[in-house]
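Please look over the chain below before reading the report that follows.

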Amino acid sequence: MEKARLTKSEVMSYALYSFFSGLAVMVPMTYCTTFMTENLLMSAALMGTVILSARIIDFVISLLAGGIVEKSKMKWGKNSSWMIVLRWVVIIGIMLEFFDTTALPMIARAVIAVLAYVMINGCMNFVATAQYGILAVMAGPSMEDRNILSFRGMQFMAAATIITSIGAVPVITWLTPMIGQSMGYFIVATVFAIPFIYGVHRLTKSAKPYDPVQTKESAACLPTVTVGDMVKSVVTNGQLLVVILSYTMFYSGMFAFNTVMAYYFIYVLGNFLLMSVALTAVTVFALFASIIGPKIGVRIGKKRAMVFGQLIYAIGALCIALFGQISLVLYIAINCVMSVGMYMFSSFSVIYMLDAGEYGFYKTGKDNRTVGMSMMNIPMKIGMAVGGAVGGFGLASIGFSTGMTVTASFISNFMWLLGGIPAAFYLLGSIVMAIGYRITDADAALYAKENAERVAKLMENC
């Protein structure tokens, strides 16, 4: 049965977790490739190989995370336990990723970079799956509560992005003359990561009444879900596969863009500090976009929100390829428009996966919603691997080398790498969603209500 509305404190706990997790991961996501080439002195090809290798390992872990969390019986709750334990590993990984290893042989630098990446992202597979599970159990079948948790999470994540955009590069630049650029990266990444500890504490404390430990007795009340059922719940759920594929296209384009973005400021505009200016302007506007974007998404429905949102992203990326080298102002303006398109659908975030999971539970009677929600990690992991490889090997293919003298030909080729290739990915994502997705918002509400009643009856008869 549908539960009462969440309190403001509970919603704020979820939002604050999103804020502090955003602070922690934004520096590694934005600057790890630049740090490898500019500070660890890796070639673009080696950087691409390191990122691809790490992301393959990360992808394998992400495939296992949902099933492991689903079967877990740790003492702090089915979902919360993973967040409580792994937050420490994530923070250590962030610190290791920006540790200066130039005194070691290049192969050792590469191995450490892979290890740090897997510590961060491999653990975040479990942490993110647990976060999505907490959203589902806190909100219950209430579509409104699901939306408000997801929307507030994205809005606070946007606020975290503003802070990292404003602070990261200027602080690193300020610290460089005193302690060196590598140590500047290390300190900034560490300072942004530490509050993640509190974010996990706040969310798991609020989630405690909703996230009990799964005992043998409580598990026995529900239909047995085997590993085979988990695999089947993914490969036979056509709606889940459509969402996965559409999101994969989006993330492939986004990470291809992010992998080479810093080089746009260093080599096309010739001033790395302009990256902070651009990121600050775009992310400040993105906070506004995170407020109006979800309202547009609710009005037109989740399916159309993703279709049109990715289409806006495709047009914007193409405009960057064609006109982005003209001026920083034009680059910023295009990105601001793109952010509205992104928040139209990304504010729903894992709710797409949860809707598909509810659909699978409704059709089969097997509750694999945690596994379905864990699939939200898969598109990001594939996108990070594909996008990182496209960016790294793309730089090598157009003749990039650290400290090079740029030419008009290089800039032209680079702008197509920065904008043209991502535009193709976004367009494909929009087409996949438009053709393949059939769950309406009314359908999703029905599935959630029926599934909640089914679980309640099973527990009553236990």
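How many helices and strands are there in the chain? The chain holds 18 helices and 0 strands, where helices (H or I, at least four residues) and strands (E, at least two) are DSSP runs numbered from the N terminus.

This is a predicted model, in which local features need pLDDT of at least 70 and side-chain atom pairs count only at pLDDT 80 or more, while totals for chains, interfaces and linings use all residues. Residues are numbered from 1 along each chain as its sequence is written, and side-chain values use heavy atoms, with hydrogens and water left out.

**The whole chain**

Along the principal axes, the C-alpha atoms fill a box of roughly 75 × 45 × 40 Å.

Of the 462 residues, 59% are buried, meaning under 20% relative accessible area (1.4 Å probe, protein chains only). Among contacts (heavy atoms within 4.5 Å) between residues at least 6 apart in sequence, 85% join residues at least 24 apart.

**Two helix pairs**

Axes are lines fitted to C-alpha atoms, for helices over the stretch in contact, and angles run from 0 to 180 degrees between N-to-C directions.

| Helix pair | Axes come within | Crossing angle |
|---|---|---|
| α1 (residues 8–38) and α10 (residues 238–268) | 9 Å | roughly 55° |
| α5 (residues 143–179) and α11 (residues 274–300) | 7 Å | roughly 175° |

Because of their angle, α5 and α11 are roughly antiparallel to each other, a term for angles over 145 degrees. Their contact includes F151, I162 and V169 of α5 and L279, L287 and V298 of α11. By class, this contact has 14 nonpolar, 7 polar and no charged residues. Here Ala, Val, Leu, Ile, Met, Phe, Trp, Tyr, Cys and Pro count as nonpolar, Asp, Glu, Lys and Arg as charged, and the others, Gly among them, as polar.

The helices α1 and α10 are oblique to each other. Residues of α1, including M29, T33 and E38, meet residues of α10, among them F255, Y263 and Y267. The contact of α1 with α10 has 7 nonpolar, 5 polar and 1 charged residues.

M254 is found in helix α10. M254 counts as buried because its relative accessibility is 16%.

Methods. Angles under 35 degrees count as roughly parallel, over 145 as roughly antiparallel, 65 to 115 as roughly perpendicular and the rest as oblique. Buried means under 20% relative accessible area, exposed over 50%, partly exposed in between (1.4 Å probe, protein chains only).
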